[in-house]
Every structure is written in C-alpha cells, then in structure tokens.
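Here are my notes on the model you sent over, as numbered points. Have the structure open while you read.

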Amino acid sequence: MKLTRRNLLILSSAGVAATAMGSLPAFASLTDDAITELTGGAALGEGAITLTAPEIAENGNTVPIEVDAPGAVAITLFADGNPVPNVATFKFGPLSASRSASTRIRLATTQNVVAIAQMEDGSFQKASANIKVTIGGCGG
Amino acid sequence: MASGVKPRVKVPKTASAGETITIKTLISHKMESGQRKDDDGNIIPRSIINRFTADFNGQNVIDVTLEPAISTNPYFQFEAVVPESGEFTFTWYDDDGDVYDTSKKIEVS
Amino acid sequence: MNMKPWIAVVVAGFASAAAAQDDNRLSIEGEDMVTEAAAPAHMENLDTIYSGWRFRSGETQALETDDFDNPAFVFVDQGIDLFDKVDGTEGKACSSCHENVEDFAGLRTQLPKVQDGQLLAMEDLVNSCRTERMGAEPWKWSGGQMTAVTALIGLQSRGMPMDVAIDGEAAPFWEQGKELYYTRVGQLDMSCSNCHEDNYGMMIRADHLSQGQINGFPTYRLKNAKLNSIHGRFKGCMKNIRATPFAEGGDEFKALELYLASRGQGLSVETPSVRN
C-alpha cells in the first residue's frame, strides 16, 4: 500500500479505534478488580438483591439509586464508567430493619451500576443496572 | 468547618415497639470530588463527607462509607426498628476532620 | 424557503417522535398544584400553559412532591436562619420588622410589580430592606444568601396562582418584556419563543423543552445542585444561544420576568421547584 495521505488517515483512524476498543475492558476491570478485592473472588449469586435505578437519568449529577437485599450485612455500590468505581458501602447494624437503602449518586456517563451484597452466611449477591446518562439540551 | 453545612433528618415522633420506621437524612455539602479543575486548570482538592452513621440508644442502625460519586448534598433513606423510646444520633464525618451531628427523640408505645 | 443551513440542523435536532408534556398530577405534601391552565388571553399563539414540572422525568418529578426529598429545602433552612440574622448598622434582621414570614403569602404571585414608577422584583425588595432599613450591604442578585431568602419567601405562596398586574403602570414594562421575548438575539439568532413557544415538548438533544415558565423559581437544578434565580436562568439561556446576556437585576431581565410571569397566570407557585 502506498502511503498516501488518504491511506495514512485510514490507518490512523483504525489505530484510534483499536486503542479505544482496547481501553474498554480496562475500564470494566477496574470495577472487576474492586469487586474481587471485596469478595476475595467468591462466586456471586443473583436474585436475593434488588437494585432500583432509572433507565435514563435526566442529569448524571443526581441519580436516585435504591438497593435492597434481605439478609445482607453490607451492600457496596460500584459505577463502572466513573473515574473511581467505588460509590458507597452500606453496613447494616443490629437495629437496621430491612437491609435496604436509597441515595443519590453521580454518573460521569452512560454506564453500569453494580451492587454487591455480603450476606449473613458470608456468600455474595450481585445485581447490576445499565443507566443511560443523557446530554442535556440547553438544560444540560 | 466547611461553610454552610447543615444536617436535616426526618424521623417519626412516635412508633410502636418493634415497628419498622423510615428515616431520611440530608446534609448540605459540596462533595468536591477531586476530579474537577478550577478556571486556572488546577485540580480542586477532594473535600467530601466520607462516612455517615445512624445509631439508636448506642446501637448501630447503618454505617455508610461515602466516595466522591455520592451527589452534592448527600441524601440517605433507610429503615430502622426501635425496641424502646430513645434517641437517634446521626453523625457525618468530613474529610477535613470536622464532625457534624444531630439527634432526634422518638416515643415508643 | 429561505432557511439558513444551521437552522435546518437545529430543527432536525427536535425529534418529532418525542412525547410532549406528560399527564402526571403534582401534589406537594398532599396539596394539589395547578400545572396546566388555559393560556391567558394576551397569549396569541398558545391555548394551554404547562408548568415545567410536566416536562421532567418521573424521578425528577418525584423529588418535588415531598419537602424532605426536595434538596432545595436545605437552602430554605438556610433562609430561615438568614431571615432571623441581625446584619448592618441598624442592628436589625428581616424578622425585626417582618415577624412572621408567613405574612408574605401571596407576594410571589404578584412579582415583579411597579412601585413609584419602578419595576421591582423580589430581589429588589429584599435588597432595599437591607440597605435602607437594616443598614446592611445588598446581597448579590443570584448569590446563595439571596436565593435562600427568596426561596423562603416564595414558599409562603406555594399553591397560589400566579397573578401579576400587566395593565396601568405595568403596561410599558410588560410591552418591553414581550418585545424582548420575541426578539432574535445572539450568534444563533434565536428568540425565547423559538424554543419555548414554537417547540416546547420537543427534544433538544436528549432534553425536553419546556414552556420556560417561572412559577417555580428559585429552582433547585440537579445540574448545579443549588438554587437558581430567574435572572440566572435567563443568563444561561442567552449564553446558550451565544448572546451577550443582559445584567442580572437590570431593566431588560426585570421586564422579561414580568412578561414571563404573565404567561404563567393561573399556574400554582411551586417555589422552590426541582428541575434537571
């Protein structure tokens, strides 16, 4: 292939695309690493934890999130598209009623929010939700 | 102390023993994430509430670790059981070492 | 059709499939709010007016229904403290003269209004009290102290219908405001009406355009997590259409405020509302 300006453009854009693709799993693994650190690599069950979040957030600055995991001793929230994946950890004390909590979080972009519950028997449960963060018009 | 920090809590005034009650808390705080830059391009240092606890008569209800991804004016809603009359204590811990607290009494019949 | 190319782009950006305002009913702390009303007679191009609340997502709407969930109340609490705080050379607080803030019920519905030939917004009333009666420094028009106190005072009228005077002495100011509303300005050559009258209910990128009603101000915006004044919001709109904004507290914005308030006649005061 002759190195014309056109070909060079094609080459360089392919390179950019490859780099971009390559960086995606790296982002995700930051969250995976954090989850592994929390669970010690234990298997993650599903079904005993509920994560309630809007499908589309009107503004990423304030996204309402609710977690509910009956029998959990702690629930940790992660956001896999944020610069730092950890969001919050709720530890439930002896006078906690339902093992649920609501808060409002920041999401930098459209991404997955993951909730990991540590149950009384030491096992772990996982729930996740994809939340689209919209770019406002003039309101944005 | 960070300026303008003001806690708000909502707890029912009365409940029956063993009843599940809903508690809401909010504190005014910028929750500066440490990710933002000022007009001159310098990173604005992180300054957040990093821990929140709710206790009733000395026993813990919830203990939350907050990261910068918690929104400005941190809000929490959770549920507690109250075995007897007494007092809730809510405490927020600031990165700068300040501690803000407030308490609410509840009558249990 | 003589249409500049960029206009075609902007128009294409208004997705036609998007839903307009929704049918949800707003009840705040159990009190029903009017979020939809017949347009006042002076409005030639619209039949029905809607509160901006009707254009927001369910999650944002829910925040306004409960005074604890509404983050604006952090600032209303600050307003209560400021209202009682002695400031200035006369040793007075707001509450020295205005013993009960509840006495301000109805005031929000009538502002801005003409007094001694001048059009006055709530911020003017607060600052004239501060400078003339308290001997204190005036507050910044859109600063945190001002919006906290205007939110507290406006809250006393919550649920009451907007009802500004537009005739008599107010007429020339109202005409000026109307003129501004329909005048194209800025690099994008747009008027208020292009978005908020011609295209409300449409999407502008991923956002719902409202009618630009001001019945809920100051409003807590999720975007900046603070109370936003009416003039601060005007300024934001003008920057977005790449115009040089008028001054907050200036004659132009006060006239526009009067005209916009009159376009919301009959809608409930929602102060302090929550928007995105």
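1. Let's start where chain B meets chain A. This is a predicted model, and across this interface 19 residue pairs are in polar contact, with both partners at pLDDT 80 or more. Salt bridges are another matter: the rule finds zero of them between chain B and chain A.

2. Which elements of chain B give two or more residues to the side that touches chain A? They are β3 (20-27), β5 (59-66) and β6 (75-81) of chain B. The largest share comes from β5(B), with eight residues. Sorted by class, this side of chain B has 16 nonpolar, nine polar and four charged residues.

3. Now for the extent of that interface. Chain B puts 29 residues in contact with 26 residues of chain A. Together the two chains bury about 2,200 Å², and 52% of that is on carbon and sulfur atoms. If you want names to look up, take A69(B), S71(B) and Y75(B): they supply 23% of the area that chain B buries against chain A, more than any other three residues.

4. A word on chain B itself. Of the 109 residues in chain B, 44% are buried. Taking the contacts in chain B with a separation of 6 or more, 58% are between residues 24 or more positions apart.

5. Chain B also touches chain C. Here 14 residues of chain C are in contact with twelve residues of chain B, and the two chains bury about 1,100 Å² between them, 56% of it on carbon and sulfur atoms. How many salt bridges are there between chain C and chain B? The count is five. One to click on is D81(C) with K6(B), where the closest N and O atoms are 2.6 Å apart. On the chain C side, helix α3 (residues 72-83) gives the most, with six residues. By class, the residues on that side of chain C are seven nonpolar, two polar and five charged. The tally of residue pairs in polar contact between chain C and chain B, both at pLDDT 80 or more, is seven.

6. Within chain C, have a look at helix α11 (residues 251-263). From first C-alpha to last, its 13 residues reach 19 Å, close to the 18 Å expected at 1.5 Å a residue. Is α11(C) enclosed or open? Eleven of its 13 residues are buried, so α11(C) is largely enclosed by the rest of the structure. Charged side chains are on that buried list too: K254(C), E257(C) and R263(C) are among the buried residues, along with others including F253(C), L256(C) and Y259(C).

7. D22(C) counts as partly exposed because its relative accessible area is 22%, and the cut-off for buried is under 20%. Its side chain reaches the backbone nitrogen of N24(C) at 3.1 Å and makes a polar contact of 2.8 Å with the side chain of Q61(C). Setting aside neighbours within four places in sequence, D22(C) is in contact with R54(C), R56(C) and Q61(C). G201(C) is 179 residues away from D22(C) in sequence, yet their C-alpha atoms are 9.2 Å apart.

Terms used:
Residues numbered from 1 in each chain as written. Chains lettered and ligands numbered in written order. Predicted model: local features only at pLDDT ≥ 70, side-chain atom pairs only at ≥ 80, totals over all residues. Heavy atoms only, no water. Contact = heavy atoms within 4.5 Å. Buried area = accessible area lost by both parts, 1.4 Å probe. Salt bridge = Lys/Arg side-chain N within 4 Å of Asp/Glu carboxyl O. Polar contact = N/O pair within 3.5 Å; in protein donor to acceptor, adjacent residues only side chain to side chain. Helix = DSSP H or I, 4+ residues; strand = E, 2+ residues; numbered from the N terminus. Expected span 1.5 Å × (residues − 1). Buried < 20%, exposed > 50% of the residue type's maximum accessible area, 1.4 Å probe, protein only.
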